[in-house]
Amino acid sequence: MYIRFITGENDDHSNQEAGVFQAAYQLLRHSSIPEYEYARLRELLDWFNANLEKPIRFTTSKPPYYRKQNRAISWFKDTATAHIAKLGEIMIILDSHDIHTEMIQTDRPGYIVYEDPHQVVAEPFSDFTP
């Protein structure tokens, strides 16, 4: 099972719903949130930077990747329990600022273009519906 946390906003690159990381970084940059929430959100995002690999590929196309449209989206493996718990904390902060979040699940994330122990990045199948 693969799990994704979304906001309901559309992402221009993948044409799928944007993930909570995008919303969290946007909240840090463009909002005046209380210092304690800012500090906690920054701490959580720093944890992910230290504990989650950065995918090297977002397309099924051959190199050079930078010339290709990046349609792939990231999914957590259901075994990434520590990551999922930390994301739950991020979602609470986003929800408290009226940023809609939700968790979706699938057994078929699409054509996997990157994988590590905690996540996959996949280009959705044409019939993808969460």
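Start by selecting T106: leaving out residues up to four places away in sequence, T106 touches M1, Y2 and W75 (contact means heavy atoms within 4.5 Å). This is a predicted model, where local features need pLDDT of at least 70, side-chain atom pairs count only at pLDDT 80 or more, and totals for chains, interfaces and linings use all residues. Residues are numbered from 1 along each chain as its sequence is written, and side-chain values use heavy atoms, with hydrogens and water left out.

Colour strand β4, residues 102–106, and you will find T106 in it. (Strands are DSSP runs of E with at least two residues, helices are runs of H or I with at least four, and both are numbered from the N terminus.) T106 is buried, with a relative accessible area of 11%; buried means under 20%, using a 1.4 Å probe and protein chains only.

Next, select I93 in helix α3, residues 81–96. I93 is buried too, at a relative accessible area of 9%. Beyond its neighbours within four places in sequence, I93 is in contact with L27, E37, R40, L41 and L44. Try the distance tool on I93 and Y38: they are 55 residues apart in sequence and 9.3 Å apart in space, C-alpha to C-alpha.

Last stop: show helix α1 (residues 20–30) and helix α2 (residues 35–51). Which residues of α1 meet α2? Select F21, A24, Y25, L27 and L28 in α1, which meet Y38, L41, R42, L45, F48 and N49 in α2.

Terms used:
Axes are lines fitted to C-alpha atoms, for helices over the stretch in contact, and angles run from 0 to 180 degrees between N-to-C directions. Buried means under 20% relative accessible area, exposed over 50%, partly exposed in between (1.4 Å probe, protein chains only).
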